[in-house]
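Have a look at the fold before reading on.

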Amino acid sequence: MKRQTPYRGYPNRTGHFGPYGGMFVPETLMTPLHHLAEEYDRVRRDPAFQKEFDYYLREYAGRPTPLYFAERLTRELGGAKIYLKREDLLHTGAHKINNALGQVLLARRMKKPRVIAETGAGQHGVATATVAAMFGLECVVYMGAVDAERQALNVYRMKLLGAEVRTVKSGQQTLKEAISEAMRDWVTNVRTTHYILGSALGSHPYPMMVRDFQSVLGKEARQQILKKEGRLPDLLTACVGGGSNAIGLFYPFVNDRSVRMVGVEAGGMNLKKGKHAARFAGGVLGVLQGTRTFVLQDQDGQIALTHSVSAGLDYAAVGPEHSWLRELGRAEYTSATDQEALNGFQTLSRIEGIIPALESSHAIAYTIAQAPKMKKSKIMIVNLSGRGDKDVVEASKHIKQLG
Amino acid sequence: MNRIDRHFTALRKTGKKAFVAYITAGDHSLDVTASLVREFEKSGVDAVELGVPFSDPLADGAVNQSAADRALRSGTSLAGILRTVEKLRREGAQIPLILFTYFNPIHRYGLKRFVTDAAKAGVDGVLYLDLPPEESGECLDLMESAGLHAIHLVSPTTPDARLARIVRRARGFIYYVSREGVTGMQSKLQGGIAANVARIRRCTKLPLVIGFGISTPAQVKSAASFADGCVVGSVIVKRIGELQGKPGLARQVAALVRRLAAPLKTIS
């Protein structure tokens with residue numbers, strides 16, 4: 001077998017993952033981003049910070065989450081043994097709290113009294129509003145008007161938690177516009193405000209920092225599977241919007257070459273232009289919102305419209321490290337359509353009694369297609385990144401047969 | 001000699017300050033843009049920044065966002081903007097023209113091809129809003145050899161070490177962003193301009209213009225008193241938006257521009 005160089009040292013000092021990543025932001029943000037990178041560099045090596053982070057993850061967020069053997073789903077599909085990493089059981093209902101906690105602790109160290117966030121499905125907004133409430137920080141969350149409507153429950157949760165929710169009505173009124181608006185706020189209030197970006201995207205150091213904070217879930221999963229099965233899994237899968245839950249799962253396994261890693265993008269209605277959010281299927285190299293990566297765009301470099309039944313995956317660019325892992329051949333990417341995801345949503349609900357988020361349902365959809373093709377001796381881990389309570393109203397519009 | 005250098009040298013000799021106007025290219029149509037440039041040149045505007053419309057203009061406030069939307073709806077592309085510049089030059093326009101752009105449309109067009117085509121069309125400089133020196137090495141080398149000036153932004157948050165790095169690669173003039181925030185009008189200029197201007201002056205002999213938020217003749221006068229000139233954008237763009245489809249748009253906008261620039265044209 002060919003000897004492989006270990007995957008380490010990404011991103012490099014300038015924030016690049018090979019040709020991807022970097023810092024493509026207005027001049028006013030360069031210095032705050034450099035400060036953030038320096039501060040993060042200090043805390044990642046500071047045992048006191050790590051101890052504090054671990055404390056809140058355990059006592060407040062409810063870590064570790066179970067690695068649950070989905071016995072009935074495994075039997076039903078008749079192939080690989082399926083384990084679910086239960087991030088849906090975390091406080092606030094998704095993996096987003098891991099990163100929000102890490103970043104709010106960082107904001108406190110930087111003495112910023114105000115935090116802002118963007119949100120798509122609302123899970124990151126809720127997580128940010130939650131940690132801001134716990135530490136008594138002012139919190140503003142930007143959310144596209146379309147998303148605010150399809151995730152109305154989360155809007156109410158954020159308000160209840162004391163955050164101000166500002167709906168964004170420009171462009172297609174989803175996650176991308178919420179990020180632009182959050183960046184406009186940050187550039188204006190940069191001295192008092194920390195921007196808690198919710199996914200492994202945007203300018204350096206966010207893709208690295210979010211990955212590191214989310215890696216807790218992959219580290220746990222690795223230990224748990226070794227304990228339960230005495231060996232590494234054969235396949236990991238997770239949905240990919242910006243890609244924070246996927247990178248959190250993949251990263252601790254990246255040098256375990258026998259472990260296959262598959263990210264699942266939003267295939268939307270179909271893979272025609274404007275009908276999906278599968279960047280690796282229809283995107284080309286571009287620069288959006290701080291980073292160089294695969295971007296859905298037209299011939300003139302204008303960002304394309306996207307569509308997904310799940311607000312959290314409905315975004316035109318993919319986190320830069322995913323582009324790099326794909327180029328290196330270390331991870332593969334596929335997509336699941338809205339229909340397949342809705343099918344996954346119902347299947348997991350009925351067979352395991354777990355209602356998954358529509359985002360995570362894309363990974364379930366892939367599992368439903370893939371597990372039967374694998375031998376019974378194979379093991380796969382699916383990241384169940386969030387729970388689906390927020391999605392039941394939206395899903396009911398699409399699932400006609402349940403009256 | 002690059003038109004920007006020629007123009008600023010001439011201004012310096014006569015002790016005058018530069019009035020730079022920003023408009024979004026293709027706002028209504030590229031024909032309207034061309035008439036505006038012609039009227040601006042006649043009105044004594046010293047340079048025009050042509051905004052390349054982008055679908056996700058994260059450094060821009062609401063006024064410029066709407067203008068970008070209008071420009072994209074009218075079918076504006078980078079290639080079309082370059083053709084418009086070429087046409088203006090063929091007609092004899094000598095006013096310095098600077099493209100003000102996000103990087104993705106350039107990236108998609110192809111960097112080498114863009115630099116060649118822009119220089120050939122008669123563009124004098126390019127300001128990339130989201131391409132800091134950390135990411136722009138190759139781009140700046142290409143521009144340098146094509147004789148295109150890379151205009152750089154400096155902001156109140158830019159520390160001295162970084163400032164030194166920026167001015168090394170800056171050409172034409174330095175654009176000092178007079179406040180932390182996005183483009184748009186404001187009722188009062190942010191403080192600390194004098195100190196920041198002095199800081200920049202210590203690092204470079206390039207002309208210095210001040211922009212972001214300047215929207216009245218009084219602010220023009222005040223901002224320019226600190227520097228070699230100022231940039232006015234949103235208030236002009238807003239007027240263009242209001243005059244959509246009206247006859248005499250270019251003349252009316254030029255009248256506004258003359259009022260704004262008046263303080264710089266009457267004092268010496």
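What share of the 268 residues in chain B is buried? Buried residues, meaning those under 20% relative accessible area (1.4 Å probe, protein chains only), make up 63% of them.

A word on the ground rules: this is a predicted model, where local features need pLDDT of at least 70, side-chain atom pairs count only at pLDDT 80 or more, and totals for chains, interfaces and linings use all residues. Residues are numbered from 1 along each chain as its sequence is written, chains are lettered from A and ligands numbered from 1 in the order in which they are written, and side-chain values use heavy atoms, leaving out hydrogens and water.

Chain B holds 12 helices and 9 strands; these are DSSP runs (helices H or I, at least four residues; strands E, at least two), numbered from the N terminus. The strands form an open sheet in the order β5-β4-β3-β2-β1-β9-β8-β7-β6 (chain B), with parallel pairing; two strands pair if DSSP finds at least two bridges between them.

Here are some elements to find:

| Element (chain B) | Residues |
|---|---|
| Strand β2 | 47-51 |
| Strand β3 | 97-101 |
| Helix α4 | 78-90 |
| Helix α6 | 111-121 |

Strands β2 and β3 of chain B pair over 4 bridges, and B:V48 has B:L97 as its bridge partner in β3(B). Helix α4 of chain B packs on the sheet and touches both β2 and β3 of chain B, where contact means heavy atoms within 4.5 Å.

Definitions and conventions:
Axes are lines fitted to C-alpha atoms, for helices over the stretch in contact, and angles run from 0 to 180 degrees between N-to-C directions. Buried means under 20% relative accessible area, exposed over 50%, partly exposed in between (1.4 Å probe, protein chains only).
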